[in-house]
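Take a look at the model below. This report covers its charged pairs, then its nonpolar cores.

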Amino acid sequence: MNTYQHSVLLDADKCTGCTTCLKHCPTEAIRIKDGHAVINDGRCIDCGECIRNCPHQAKKAVCSKLESMERFKYKIALPAPTLYGQFDNLDDIDYVLDGLLKIGFDEVFEVSKAAELVSAYTRLYLKTDGIKKPIISSACPVIVRLIGLRFPSLSSNILHMLPPMEVAAGLAREKAQKEHPELKPEEIGVCFISPCPAKVSYVKNGFADYQSKVDEVVSISDIYFLLINEMSHGSDIQSLCESGIIGIGWASSGGEATAIFNEKYLAADGIENVIRVLDQVENGNIPSLEFIELNACPGGCVGGVMTMQNPFIAKARLQALRHGLPVSRNTIGSADYIPEDYLFNELPQYAPITRLSTSIAESMRMMADIQKFKAYLPGIDCGACGAPNCRAFAEDVIRGKAGAAKCPIAVRSINDREESDDES
């Protein structure tokens with residue numbers, strides 16, 4: 001039984017069954033049935049591509065509202081560095097951080113600060129004997145789930161480092177408990193301000209044996225309007241920023257990879273480009289690399305569907321903000337090992353979507369039947385059958401999830417073949 005809680009949902013009332021989402025879903029998780037889209041929970045990776053491409057806004061990201069933090073006595077905000085790129089003419093990150101305090105948070109802990117620590121420990125991780133290279137970053141939850149579903153052979157390449165959001169949550173809780181010993185752990189609430197729905201799913205579901213230290217996830221688009229009203233240039237603001245160029249750089253594609261200070265890296269963004277890279281890594285058709293950074297969203301986290309601004313404009317704003325900042329404000333000193341709090345032990349276990357059956361013999365039989373039926377199909381991937389392409393439709397038919405009559409061309413081809421056989 002699938003109990004995975006998703007954060008990308010369908011508003012059936014707005015869906016017209018236009019098939020646009022079918023063509024963009026990277027895991028073929030969507031079908032058109034009874035005139036509207038249906039999302040297969042077992043295949044969905046919460047990448048947000050259907051949200052990004054739906055012309056009718058029928059797909060939506062579901063996350064918490066800021067009011068959900070009211071149940072906590074002490075409220076901590078974890079702003080993703082992408083948040084800073086949403087504001088025009090912003091010349092100081094402290095305006096954003098101070099604004100978060102003004103809208104009701106008691107403490108702000110920058111995710112970019114934790115990102116600098118994660119970068120430092122990743123450099124140490126790459127020096128560890130016995131790890132399988134190239135190491136693939138685990139920072140994007142979409143990539144981890146995608147690998148589990150479509151590229152399970154690459155699971156051993158995944159970096160066993162918690163994402164900056166989680167590291168920030170742990171450090172923020174520790175800091176709050178130390179500074180306010182009168183608070184009970186359950187009275188401290190941590191809220192991540194996210195650019196994408198995948199982070200929402202990560203918090204809801206945990207990560208294999210690891211449960212998230214984040215309590216609520218709100219979207220950047222929701223926080224944006226509240227902050228605009230509180231960010232007044234020229235007013236007195238607190239000096240709160242504790243991040244440098246490396247931490248802010250994590251918001252854009254390549255920011256994490258360049259922070260390892262190693263030229264043997266690759267950074268790719270956009271789900272289609274990511275899949276091409278993973279295909280080549282799996283096939284061994286790729287240069288000798290140490291590290292691979294993959295972001296499902298175009299441009300990196302700045303391209304998340306829960307943001308406000310064009311990702312390339314946001315990236316340009318972040319580049320301007322980084323001028324004058326030190327390379328990093330957070331170091332690990334002479335550490336020669338990675339603390340346990342920065343690592344996870346197990347990867348989530350997913351059933352690969354390419355697996356037709358638990359039996360090898362049955363899988364081979366089904367594969368042969370799929371190929372045989374596919375020969376009757378037109379091969380134009382029109383989507384009229386409700387599947388994204390002819391191969392997917394053939395699999396649906398053999399699995400018993402669709403009838404052959406959904407494709408009139410296939411029915412005609414089968415009938416013609418049968419008539420020919422009868423005549424002979």
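Does Asp369 count as buried or partly exposed, and at what relative accessibility? Asp369 counts as partly exposed, at 26% relative accessibility. The cut-off for buried is under 20%. Keep in mind that this is a predicted model.

**Charged pairs**

Side chains of opposite charge can pair when their charged atoms come close. A search of the whole structure finds 17 salt bridges. Three of them are listed here.

| Salt bridge | N to O distance | Relative accessible area |
|---|---|---|
| Lys113 and Glu242 | 2.5 Å | Lys113 18%; Glu242 38% |
| Glu272 and Arg276 | 3.9 Å | Glu272 48%; Arg276 47% |
| Arg365 and Asp369 | 2.5 Å | Arg365 40%; Asp369 26% |

Lys113 and Glu242 link distant parts of the chain, 129 residues apart. Lys113 sits in helix H4, and Glu242 in the loop between helices H8 and H9. Lys113 is buried, whereas Glu242 is partly exposed.

Glu272 and Arg276 both lie in helix H11, four residues apart. That is about one turn of the helix. Arg365 and Asp369 are four residues apart in helix H13, so about one helical turn separates them.

Salt bridges also form a network, which links Arg43, Arg391, Glu395 and Arg399.

**Nonpolar cores**

The largest nonpolar core has 76 residues. Ile76, Leu78, Val214, Leu278 and Leu294 touch the most other members. Helix H4 gives the most to this core: nine residues. Another core, of 32 residues, lies apart from it and includes Leu66, Tyr84, Tyr95 and Ile193.

Which residues does Leu278 contact, leaving aside neighbours within four places in sequence? They are Ile136, Leu146, Ile147, Phe151, Leu154 and Leu294.

Technical notes:
Residues are numbered from 1 along each chain as its sequence is written. This is a predicted model: local features need pLDDT of at least 70, side-chain atom pairs count only at pLDDT 80 or more; totals for chains, interfaces and linings use all residues. Side-chain values use heavy atoms; hydrogens and water are left out. A nonpolar core is a set of buried Ala, Val, Leu, Ile, Met, Phe, Trp, Tyr and Cys residues joined through side-chain atoms within 4.5 Å. Buried means under 20% relative accessible area, exposed over 50%, partly exposed in between (1.4 Å probe, protein chains only). Helices (H or I, at least four residues) and strands (E, at least two) are DSSP runs, numbered from the N terminus. Contact means heavy atoms within 4.5 Å. A salt bridge is a side-chain nitrogen of Lys or Arg within 4 Å of a carboxyl oxygen of Asp or Glu.
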